[in-house]
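Please look through the structure with me, and let us ask, for each term used, what makes it apply. The questions come first, and each is answered in turn.

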Amino acid sequence: MTDARVRLDVGVATARGQRARNEDSVWAADGAYLVADGMGGHEAGELASRTAIEVLRELSEGVLGPDDVRRTVRRAHAAVRALPATTGRRPGTTATGVVLTDHDDTPCWLVLNVGDSRTYRMAGGVLEQVTLDHSEVAELVASGLVPADEASRHPRRNVVTRVLGGGATSVEPDVWLLPVSPGDRMLVCSDGLTDELSDARIQAELRSQDAAQPAADRLVAAALAAGGRDNVTAIVVDATLRR
Ligand code: CA
């Protein structure tokens, strides 16, 4: 939804990187800002991420709560599961992002996640990852078996443990409800960004740009300059509260 009390400035950038195709899909309009990172080879990854976004973009309509998000994510999962397994492997996709909503008459962000794409919030110039990666390496870090500073180089870092589609019959997204604070800058991105750039580097790039579009462009350019080994997508959403 849109909220008369909140003004959003939005920037979107995506690039194929060194990959043959761009399997990331994006929705960034009407209060919903979503990234899906498809997998499955040939055209399956693109189709999976696009199919998920086609369902999830409905989150841009109406005042929503966490249960609406869970229901919509389950429908997106079913839609991706219904795609043909052309390469002997079922197509799948991550999905993450932020939806502007209203809770108890307060503007709020609804953040959702399935997989290892990420949603961050920068407040007061400090960047924090809101979502938790559904990946083998994140689980190894959480259980203390791998030190956090080795996670970005770990050979299992791209093994995703929860996806839309894929082999699982059901999926539950993680959902957070956060009040919008004036000056919030939300970042929604695929792992092609976070595999190339540290959180400190992302924070520095975000601080260097006042407007959302140059900030998104700058992040994607930095990831490409760092190697761009995967598709890179970034949405930057800045919130200003009106009185
Ligand atoms: Ca990716």
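Q: In what sense do strand β2 and β3 pair, and over how many bridges?
A: Strand β2 (residues 24-29) and β3 pair in the antiparallel sense over 6 bridges. Two strands are said to pair if DSSP finds at least two bridges between them, and strands themselves are DSSP runs of E with at least two residues, just as helices are runs of H or I with at least four, both numbered from the N terminus. Ser25, for example, stands opposite Ala36 in β3.

Q: What kind of model is this, and what do the values rest on?
A: This is a predicted model, in which local features need pLDDT of at least 70 and side-chain atom pairs count only at pLDDT 80 or more, while totals for chains, interfaces and linings use all residues. Residues are numbered from 1 along each chain as its sequence is written, and side-chain values use heavy atoms, with hydrogens and water left out.

Q: Which other strands does β3 pair with?
A: β3 and strand β5 (residues 95-103) pair in the antiparallel sense over 4 bridges, and the bridge partner of Val35 in β5 is Thr96. β3 is also joined to β4 by 2 bridges, again running antiparallel, with Thr93 in β4 as the bridge partner of Gly38.

Q: What makes strand β3 count as mostly covered?
A: In strand β3 (residues 32-39), 7 of its 8 residues are buried, where buried means under 20% relative accessible area, exposed means over 50%, and partly exposed lies in between (1.4 Å probe, protein chains only).

Q: What is the order of the strands in the open sheet, and which strands stand at its edges?
A: The open sheet is formed by 5 strands in the order β1-β12-β11-β7-β8, with antiparallel pairing. β1 (6-15) and β8 (126-129) stand at the edges because each has a single partner strand, so one side of each is left without a neighbour in the sheet. The twist averages 20° from one strand to the next, the angle being taken between axes, which are lines fitted to C-alpha atoms (for helices over the stretch in contact), and running from 0 to 180 degrees between N-to-C directions.

Q: How do you know that the span of α2 is close to the expected one?
A: Helix α2 (residues 66-81) has 16 residues and reaches 22 Å from its first C-alpha to its last, close to the 22 Å expected at 1.5 Å a residue. The expected span is 1.5 Å times one less than the number of residues.

Q: Why are the buried residues of α2 said to be on the same side?
A: The buried residues of α2 are Val69, Thr72, Val73, Ala76, His77 and Val80. They cover an arc of only 150° around the axis, which puts them on the same side of α2; the arc is that of the directions from the helix axis to the C-beta atoms. What covers them includes α1 (44-56) and β6 (106-114), contact meaning heavy atoms within 4.5 Å.

Q: At what angle do α1 and α2 pack, and how far apart are their axes?
A: α1 and α2 pack at an angle of about 145°, with their axes 9 Å apart.

Q: What makes the buried residues of α6 line one face?
A: In α6, the buried residues are Ala212, Ala215, Ala216, Leu219, Val220, Ala222 and Ala223. Seen down the axis of α6, these residues fall within an arc of 160°, so they line one face of the helix. Among what covers them are β1, β11 and α5.
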